[in-house]
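Subject: Structure handover

Hello,

The sequence and the structure are below. My notes on them follow.

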Amino acid sequence: MTASGDDAIAAAQERAASTRTRNLPLWDDLPIPNDTANLREGPNLNDACLALLPMVGVWRGEGEVDYPTIEGPVKFAQQLTIAHDGRPFLTHEARTWLLDDEGNVIRPAARESGFWRPQEDDTIELLLTHSSGIVELYYGKPRNQTSWELGTDAVIRTATAKDVTAAQRLYGLIEGSLGYVEERAMMGQEMQPHVSALLHRVVG
C-alpha cells in the first residue's frame with residue numbers, strides 16, 4: 001500500500017474513534033426498531049440500500065448559498081441525518097442555520113425531510129419536503145460507489161412558496177467527508193448553482 005493509502009486509512013480510523021460510539025437518541029419503549037445512523041448498532045442495513053451505505057450517519061459542516069435573487073453569497077451551517085430502520089429506504093433530515101462572516105449563528109434557516117428509496121435497477125428515488133412549502137421528487141443513480149447524482153422529476157409548491165421549477169443535486173464523499181452541490185431553477189431564473197456544502201461525520 002502507498003504512503004498516501006496508509007495516511008487515508010489512519011485518518012479514517014482517527015475520525016471513527018470519535019464517531020463510532022455515537023448514535024441517534026433512542027426510545028427505550030418503542031415497540032418497533034429505532035432509527036439508527038450508526039451501522040454498528042440497531043437493525044442491519046437492508047440489502048436494497050447498500051449503494052447508499054456510505055451516506056448513513058450524522059454529518060455537520062458549513063457551506064454557502066447564492067443566487068441572483070438574493071444578496072450573497074451567504075454562509076450557513078447544516079446538520080444532515082441519514083438513518084434507517086432496516087427497511088429498504090433511508091430517512092433524510094437536514095437542519096440549517098445562517099452564519100455571519102465570523103462564523104457566529106444568526107438564526108435557524110431551511111429545514112427538509114424525506115426518504116431515499118433505492119430501486120432494483122439502481123435508480124434512486126429521493127422525496128424531500130421543505131419547510132418553505134415545497135415538495136420535490138428526485139430521480140437519480142450512483143455515479144460510482146461514493147457519489148450520487150439526482151434531478152427533480154416533479155416539484156409541488158404551496159400557494160405561499162417560492163416559484164421553484166427544478167433542481168439538481170450531486171452528493172459525494174471527499175476524504176471521508178460528505179460534500180454536495182445543488183443547482184436550482186426558480187424565480188424566473190434558469191438552472192444554475194445555488195448551494196454547496198462540506199459536511200463532516202459526527203455519528204457513525
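T19 lies in helix α1, residues 3-19 (helices are DSSP runs of H or I with at least four residues, strands runs of E with at least two, numbered from the N terminus). This is a predicted model: local features need pLDDT of at least 70 and side-chain atom pairs pLDDT 80 or more, while totals for chains, interfaces and linings use all residues. Residues are numbered from 1 along each chain as its sequence is written, and side-chain values use heavy atoms, without hydrogens and water.

T19 is buried at a relative accessible area of 5% (buried is under 20%, with a 1.4 Å probe and protein chains only). Its side chain reaches the backbone oxygen of G204 at 2.6 Å, a polar contact by the cut-off of 3.5 Å between N or O atoms, one able to donate a hydrogen and the other to accept it. Beyond four places in sequence, T19 contacts N38, R201, V202, V203 and G204 (heavy atoms within 4.5 Å).

The largest nonpolar core has 27 residues (buried Ala, Val, Leu, Ile, Met, Phe, Trp, Tyr and Cys joined through side-chain atoms within 4.5 Å). M55, L80, L90, W116 and Y171 have the most contacts inside it. A second, separate core of 6 residues includes V203, one of the contacts of T19.

Strands β7 and β8 pair antiparallel over 5 bridges (pairing needs at least two DSSP bridges), and L150 has R169 in β8 as its bridge partner. β8 also pairs antiparallel with β9, over 10 bridges. In the β8 and β9 hairpin, with 2 residues between the strands, E175 has a positive phi near 50°.

Regards

How values were computed. Buried means under 20% relative accessible area, exposed over 50%, partly exposed in between (1.4 Å probe, protein chains only).
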